[in-house]
Number of protein chains: 2
Amino acid sequence: MAARQECVGILAGGGPLPGQVAEAAVAEGLSVFIIAFQDFAEPAVVERWPHAYVRLAAAGKILSELRTHGCRDIVLIGPVRRPSLRDLRPDVEGARILTRLGRALFAGDDGLLGALVRILGEEGFRVRGAHEFLSHALGRAEAMGVVVPDDMARADIARGMDVLRVLGRLDIGQGCVVQAGVVLAVEAMEGTDSMLERAGLCRQPGAGGVLVKLCKPGQERRADMPTIGPRTITNAGRAGLVGIAFEAGGTLFTDLPACIAAADRAGLFLFGVEVDGASRELAEKPAL
Amino acid sequence: MAARQECVGILAGGGPLPGQVAEAAVAEGLSVFIIAFQDFAEPAVVERWPHAYVRLAAAGKILSELRTHGCRDIVLIGPVRRPSLRDLRPDVEGARILTRLGRALFAGDDGLLGALVRILGEEGFRVRGAHEFLSHALGRAEAMGVVVPDDMARADIARGMDVLRVLGRLDIGQGCVVQAGVVLAVEAMEGTDSMLERAGLCRQPGAGGVLVKLCKPGQERRADMPTIGPRTITNAGRAGLVGIAFEAGGTLFTDLPACIAAADRAGLFLFGVEVDGASRELAEKPAL
């Protein structure tokens, strides 16, 4: 069944992005094969494409499926929860890879995902970033909708970036909420939606409140790119925030037009900031 | 009504500690007068002592009560929520003080409390730390109960201290939860109990999990000392943690014997770490 044209292997977690990567790859004249992680990948998304459901820890099956379908390039996309070691039940190859991951299993996300990308490389695969296929879904610099951050919001964005720069060095979270200079909430393992709910509860009276989401400095962008979807916009609005700042060129939007429309309706800004050389290459215009 | 012996003014927020400060001051031969912050101070605690209920922003009334009762030394103790500017309704003196607080109103907690202590000093008062009266309620170095942290817990404590040192410089929170090297949750404005609940939800399978609570480096200890009570112990146990680490000599226990008993029953350690010169002066024996 190995396809003649080049085949991209897509290791798919949840959400719509694995399907979008497949669509973009096929539009480029490539073929695709999806490794759909059981309990995470969404059937409606992956079943439109050649696919196989595989447990996260069945590394032997994953590698053999990828090789059978002639996939040399692979893309990791869509959220999976950090697996429980008890529930992993690795196959033989999986156990071997767990051993190679070793201490990285107990490191932060960056350590774990970085080690995984390294091991896949050693196995002869080339891990490509989802953003290489989804450049149209990348957040752009400056305001993307009709709302523009005011001076107070810009100051809060700057403070949030400072906070995340420092947190990122500790491999903690990718987000925080800042209002009038006060850091309301910091994201660790709980995820952005949970942080937004909490930020709404401890929001201070008065104006403002900004969600800032950035890549961590050492973050493996090929395995773990910050993602914003329509639900992020809804939750930011519910928390009473005035907008969302993200890394231009370093943030994937699961549905960019829908996100912009939702932000415009909710009166929130969507503001891409440039962070460093890496994102500047990807971003389309200058920012902050 | 000014008392002949020296009178300590206690500005009382919630919880039992204002009563304990009063008791300790009276045991030292001083008299006390409690400014009970309306909506925060607990009637059962403050009504055993000479007191007046005052709104948080009624600075004119606060200062005149303190002067009427001849209080030169004052103690700020017990939690108050950061007030809503809308709800403050300051009196004339309060408006004047709000103006003097100025930008500090919009700074982090450290900035705000530091400015408040400075202004009270300018008004002729001497702000004393609650810990000067409650030395028996200060957490001590090393394990205080029967449970002792194992090597993994000690490594998690060290990681949590690193994280808090960095966060503290940004004036964010006083706590985090670390399990097997992974930072599960970071405390910002939501408070320790809310963070513990979340940490329980995103706890990783496997052993371990430690709550680490420290003073921020620039924290105004005379206005805002980390506090641990029996509820902290209960919530840490519910979150599946193995123990609590805190700054020896820099943490107030609302009921130290009850906390130690609760920790022993729940199988949690209570472990005091030494952090810097300041805490070393207060701590009773060497730590980590």
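Reader: What makes the residues listed around A:Gln179 its contacts?

Author: This is a predicted model, and the contacts are computed from it. A contact needs heavy atoms within 4.5 Å. Leaving out residues up to four places away in sequence, A:Gln179 touches A:Asp156, A:Leu184, A:Arg203, A:Gln204, A:Pro205, A:Gly206, A:Ala207, A:Gly208 and A:Gly209. A:Gln179 itself sits in strand 7 of chain A.

Reader: Why is A:Gln179 called buried?

Author: Buried means under 20% relative accessible area. A:Gln179 has 1% relative accessibility, so it counts as buried.

Reader: What makes A:Ala180 stand out in its backbone?

Author: A:Ala180 is not a glycine, yet its phi is positive, about 50°. A:Ala180 lies in the loop between strand 7 (175-179) and strand 8 (182-186) of chain A.

Reader: Why is A:Arg48 called exposed?

Author: Exposed means over 50%. The relative accessible area of A:Arg48 is 57%, so it is exposed. Its place is the loop between helix 2 (43-46) and strand 3 (51-54) of chain A.

Reader: Why is B:Phe253 put in the buried class?

Author: The limit is under 20%. B:Phe253 is at 0% relative accessibility, so it counts as buried. It belongs to strand 12 (residues 252-253) of chain B. Not counting residues up to four places away in sequence, its contacts include B:Leu17, B:Met144, B:Ile228, B:Phe246 and B:Leu270.

Reader: How do you know that B:Lys61 and B:Glu65 form a salt bridge?

Author: The rule asks for a Lys or Arg side-chain nitrogen within 4 Å of a carboxyl oxygen of Asp or Glu. For B:Lys61 and B:Glu65 the closest N and O atoms are 2.9 Å apart, and the pair forms a salt bridge. Both residues lie in helix 3 (residues 59-68) of chain B, four residues apart, about one turn of the helix.

Reader: Why do residues four places apart in a helix point the same way?

Author: An α-helix has 3.6 residues a turn, so residues three or four places apart point the same way.

Reader: Which of the two partners is buried, and which is partly exposed?

Author: B:Lys61 is partly exposed, at 37%. B:Glu65 is buried, at 15%.

Reader: What makes B:Arg128 and B:Glu132 a salt bridge?

Author: Distance again, with the limit at 4 Å. Their closest N and O atoms are 3.0 Å apart. B:Arg128 counts as buried at 16%, while B:Glu132 counts as partly exposed at 39%.

Reader: How do you know that B:Asp171 and B:Lys216 form a salt bridge?

Author: The closest N and O atoms of B:Asp171 and B:Lys216 are 2.7 Å apart, and the limit is 4 Å. B:Asp171 is in the loop between helix 6 and strand 7 of chain B, and B:Lys216 in the loop between strand 9 (210-213) and strand 10 (227-228), so the pair ties together parts 45 residues apart in sequence. B:Asp171 counts as buried at 18%. B:Lys216 is buried too, at 4%.

Reader: What makes A:Asp73, A:Arg126, A:Arg128 and A:Glu132 one network?

Author: Salt bridges that share partners join these four residues. Over all chains the rule counts 26 salt bridges.

Note on methods. Residues numbered from 1 in each chain as written. Chains lettered and ligands numbered in written order. Predicted model: local features only at pLDDT ≥ 70, side-chain atom pairs only at ≥ 80, totals over all residues. Heavy atoms only, no water. Helix = DSSP H or I, 4+ residues; strand = E, 2+ residues; numbered from the N terminus. Buried < 20%, exposed > 50% of the residue type's maximum accessible area, 1.4 Å probe, protein only.
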